[in-house]
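Please load the model in the viewer and keep the selection panel at hand.

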Amino acid sequence: MTGTARQTARNAPRYPRRTGRYALRLASVTATLGLWQLLTSLNVDLWLRFSQFPTVADVARAFADRLSGPDYWTDLTDSLTRILTGFLLAAVLGVATGVLVARSRLAEDLLGPLLEVVRPIPAIALVPVAILLFPSNEQGIVFITCTAAFFPVLVSTRHAVRALTPVWEEAVLTMGGGRWRILGSVVLPGALPGIFGGLSVGIGVSWICVISAEMISGQYGVGYRTWQDYTVVDYPGVFVGMVTIGVLGWLTSTAVELLGRRLTRWLPRTSYVPGVRAPRTRGAGPASATARPKANQEVAHDQLV
């Protein structure tokens, strides 16, 4: 970074630190809940019919009642078990298949057409197939969850492996490394950012499909309970299920993202400064920053991570 850029960075308005950012996020959620309470308590009906919505207080009371009963925790445990089982299966199978298809022309010719035909089919449309194939609803729900997460992981892994620079592989071959050494020291580490991008997408899609599958063929679970509340016109209970699904999805997605950052700590991270076009790279000294070409200095954060 040049002297002018450093001076601009020092003079630029600073974004709030971590405490200030958390306060800003809390204020955003609080303001949204306050607006919801205001519109529903006043029965506002302009174009959207807020008079039909339960208030925040109604949902909070229903949430407190659910927390004090055993059914809520049983549903929570069942949904988490299904999502984790299906997602872990999808992660293993998706990464393995993605690497195989990207590295082998034979595998691409054998599996590629079949995968591309099945991939556009929504996972929830496979509920009748799961009912016919599996002896229990539990196994069918795990199958649907696994299928939902499998294809995002597969596609991301395939693209990430194909995008690797051949120079790294040639360097390993020059030092006498074989296929397994290339796989362990070049392919998998180099593709990790793309793999975790697919895992982040896959965990969100898994939640969508597992809730839908529970609504259709489940016996317990957050989705099953939410649908039951809808059938008996218990709208505060429906919102309790929606909030639970949102929080669980956020927690699991955050866990995947944190794991990805932990496993890719060796990657350069960039932080943008308002008013400065070129990002500052953490973990690199001034010499490495100046030696890096300008085009590389302006690479976006999502391309690095």
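Is D58 buried, partly exposed or exposed? D58 counts as partly exposed, because its relative accessibility is 27%; buried means under 20% relative accessible area, exposed over 50%, and partly exposed in between, with a 1.4 Å probe and protein chains only. The model is predicted, so local features need pLDDT of at least 70 and side-chain atom pairs count only at pLDDT 80 or more, whereas totals for chains, interfaces and linings use all residues. Residues are numbered from 1 along each chain as its sequence is written, and side-chain values use heavy atoms, with hydrogens and water left out.

The D58 and R61 side chains form a salt bridge at 2.3 Å, N to O (a side-chain nitrogen of Lys or Arg within 4 Å of a carboxyl oxygen of Asp or Glu). Both residues belong to helix α3 (residues 56–67), three residues apart, about one turn of the helix. Helices are DSSP runs of H or I with at least four residues, numbered from the N terminus.

Now select E214 and R82, whose side chains meet in a salt bridge of 2.8 Å, N to O. This pair links distant parts of the chain, 132 residues apart: E214 lies in helix α9 (residues 179–217) and R82 in helix α4 (residues 70–103). E214 is buried at 0% relative accessibility, and R82 is buried at 3%.

Proceed to helix α11 (residues 235–263), where E257 and R261 lie four residues apart, about one turn of the helix. Their side chains form a salt bridge at 3.7 Å, N to O. E257 is partly exposed at 42%, as is R261 at 33%.

Finally, select R66, D229 and D234, which are linked in a network of salt bridges.

Key:
Helix = DSSP H or I, 4+ residues; strand = E, 2+ residues; numbered from the N terminus.
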